[in-house]
Number of protein chains: 2
Amino acid sequence: MVDTGKVRENIRKMSVKAKEAGVILRPHFKTHQSKKIGDIFREYGIREITVSSLTMAEYFASDDWRDITVAFPFNVREIERVKSLAGQITLGLLVDSPQAVRVLKENIKEKLKIWIKIDSGYHRCGIPVQEKDSVLTLAREIQDSGNLALAGLLTHAGQTYNTSSAREISEIFSSLSVQFQDLKDFLVERGFPHIMLSYGDTPSCSTLKNFHPFQEIRPGNFVYYDIQQFLIGSCREEEIAAAVACPVVGLYPNRGEVVIYGGAVHLSKQGLAVSGGKIIYGRVFQPAEKGWGKLIEGGMVASLSQEHGIVALPPEYLKKLKLGDLLFLAPVHSCLAADLLKERTLLF
Amino acid sequence: MVDTGKVRENIRKMSVKAKEAGVILRPHFKTHQSKKIGDIFREYGIREITVSSLTMAEYFASDDWRDITVAFPFNVREIERVKSLAGQITLGLLVDSPQAVRVLKENIKEKLKIWIKIDSGYHRCGIPVQEKDSVLTLAREIQDSGNLALAGLLTHAGQTYNTSSAREISEIFSSLSVQFQDLKDFLVERGFPHIMLSYGDTPSCSTLKNFHPFQEIRPGNFVYYDIQQFLIGSCREEEIAAAVACPVVGLYPNRGEVVIYGGAVHLSKQGLAVSGGKIIYGRVFQPAEKGWGKLIEGGMVASLSQEHGIVALPPEYLKKLKLGDLLFLAPVHSCLAADLLKERTLLF
């Protein structure tokens, strides 16, 4: 369930922040994957978006989004679909190797925006930010092709997900801003005056105010937030805009637990370590007249199977419950829960 | 991707075993959720099945499965759908509380088979096996209703998933068989002569040969198996019948890693602790002429984001790869991967 009042407020705040910082907000739509939520972004003037698969790009292109970056390494097996989509919209793709550039060069006539993916320390994809010469070589390969326009350098500092304070995030960003300015200067001096810098991740975008030298930010999760972001310090609990409503199917007061119809196929098996090294799979909101209230102290999803969830609750909440009552759960990672439930999302 | 040769052999072996043990095989269809795989079960004479949601029950009822147990606590919010399905097929439901029985009694005229769910030590759902009087009370409530037929006692010994040898599983089962015989005798003496005992879980059903005093077994995962079952000792690697084919989208030989288009939305975020406390999210099969071969020593999915997977590979495999090549991954938990990919499953 999505509380569109909270969604609207999360989007409003991020777009105000982007304006004040003088950066483009190109939100990542992988979190919601919803045309209706996309419409709310439109109300705030958003026209450029990010997705993480060509399938999502096609989906949003069909809803008249005309400028889409696929922030996922170009998959050479999808060349035909890239061709077709590039003829319809302004399509941005990511590369980090000469082979990917060659495949695009040899197979595509349509205009394409190409971003070089830079690894800023997360060690998933990209050319390490220190390897300036490799970046330069790839930039030249892109420039030498007729149809590929080098947009700039794009990074996702996913290591911020392992932090637990705004100060830690700010330290990571400080160091990255120096490295990226340096890399940009290096490329500008070598004939790439228009190189842009694009930066991702919700923890950074939620806690920082200044993104210099980056000119574009691509947060996604902030539209809903979740327990992980709450623990990092990216949001307040009142800002969590998505919950999974699960019926109680078993009551076990002796164990201090209930079992819900809500499992790994609804919430995802994404766990989160909390105090004492315990892994939880969600928390429980207080019921409210409309939607949900604050988090229940001591209310947590202790375990998940395919369709079942075991939820620990304090006695004062447990004793009021009967079979069929709904619990509103805050997911650990709203992107994964929303992906699993995208066909069944209820907006209010 | 599903190798139907391996599937057929897994089904054949389990059905031979059930016959030799003199028990009913009522396989759990939550693993595959596929009508085509269901047809293979039919070839081996299977007519009674298990599912874990009413949605799955409706799906298989629409494919002419006429005897289905929903091995999930009856959700009182689904009473209308239960009513409608109970009019079409022999429907079995699980209860573990008087409230659930009352809702069924007051709302349903159609004949229903009711199983009392027993907690045999997994501590998810059910009345603890030791609490004989509670079981008796519930059995009488069921008997006193006109339409509800008490089928018996049903349990899922999910604790076998935490074992690592056939001996450990056998010890768990030995103790349970005594407890369930005792509970059954107790009920038989008190006017329930026809009470049946039904037992689940793939680790037990794959490693044991004798299921006395249980008269029915409900394994599900065995149709595909996976890395978790391989580590428990439920299967050999040659028996793993499902793999997720993922294109390589990034090559990082310096890190000994590749990045694939294959993430938490394809494999699920189910991890598995391997030696050294490391958590992995899948292993990698050797390529083969048709399908896949053995597991690659040292080939493992080290990390998963929404759409990306980071795969560690030994240098001799890594150096042969180029962008667009497919890796065949063995999932940690095939039930969850199959659920995520059920619309895109390719049988061969």
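**Entry 1: domains of chain A.** The contact draws on seven residues of domain 1 of chain A and five residues of domain 2 of chain A; I count two residues as in contact if their C-beta atoms, placed from the backbone, lie within 7 Å.

**Entry 2: what I am reading.** This is a predicted model, in which local features need pLDDT of at least 70 and side-chain atom pairs count only at pLDDT 80 or more, while totals for chains, interfaces and linings use all residues. Residues are numbered from 1 along each chain as its sequence is written, and chains are lettered from A and ligands numbered from 1 in the order in which they are written.

**Entry 3: the two copies.** I superposed chain A on chain B with a rotation of 180 degrees and 0.0 Å of shift along its axis, at an RMSD of 0.0 Å. Which residue of chain A comes closest to the rotation axis? I found Lys269(A), with its C-alpha at 2.5 Å.

**Entry 4: the contact between chains.** Chain A gives 38 residues to the contact and chain B gives 38 residues. Elements of chain A with two or more residues on this side include β3 (67-73), α5 (98-107), β11 (257-261) and α12 (334-340). Helices (H or I, at least four residues) and strands (E, at least two) are DSSP runs, numbered from the N terminus. β10(A) gives the most, with four residues. The side of chain A that touches chain B divides into 16 nonpolar, 13 polar and nine charged residues. I noted that 100% of the interface residues of chain A are also interface residues in chain B, so the copies meet through the same surface.

**Entry 5: the barrel in chain B.** I traced a closed barrel of six strands, β10-β11-β16-β15-β14-β17 (chain B), with antiparallel pairing. Neighbouring strands of this sheet are turned by 45 degrees against each other on average, direction ignored; the axes are lines fitted to C-alpha atoms. Two strands pair if DSSP finds at least two bridges between them. Strands β10 (residues 244-252) and β17 (residues 326-331) of chain B pair in the antiparallel sense over four bridges. Pro247(B) has Leu326(B) in β17(B) as its bridge partner.

**Entry 6: backbone exceptions.** Most residues other than glycine have a negative phi, and most peptide bonds are trans. The peptide bond from His212(A) to Pro213(A) is cis, with omega near 10 degrees. Pro213(A) sits in the loop between α8 (202-207) and β9 (216-218) of chain A. In chain B, a cis peptide bond joins His212(B) and Pro213(B), with omega about 10 degrees. His123(A), not a glycine, has a positive phi near 60 degrees. His123(A) lies in the loop between β5 (112-119) and β6 (127-128) of chain A. Is His123(A) buried or partly exposed? His123(A) is partly exposed, with 15 other C-beta atoms within 10 Å; buried means 20 or more such atoms within 10 Å, exposed 12 or fewer, and partly exposed in between, with C-beta atoms placed from the backbone.

Technical notes: Least-squares fit on C-alpha atoms with pLDDT ≥ 70 in both. Axes fitted to C-alpha atoms, helices over the stretch in contact; angles between N-to-C directions. Nonpolar A, V, L, I, M, F, W, Y, C, P; charged D, E, K, R; others polar.
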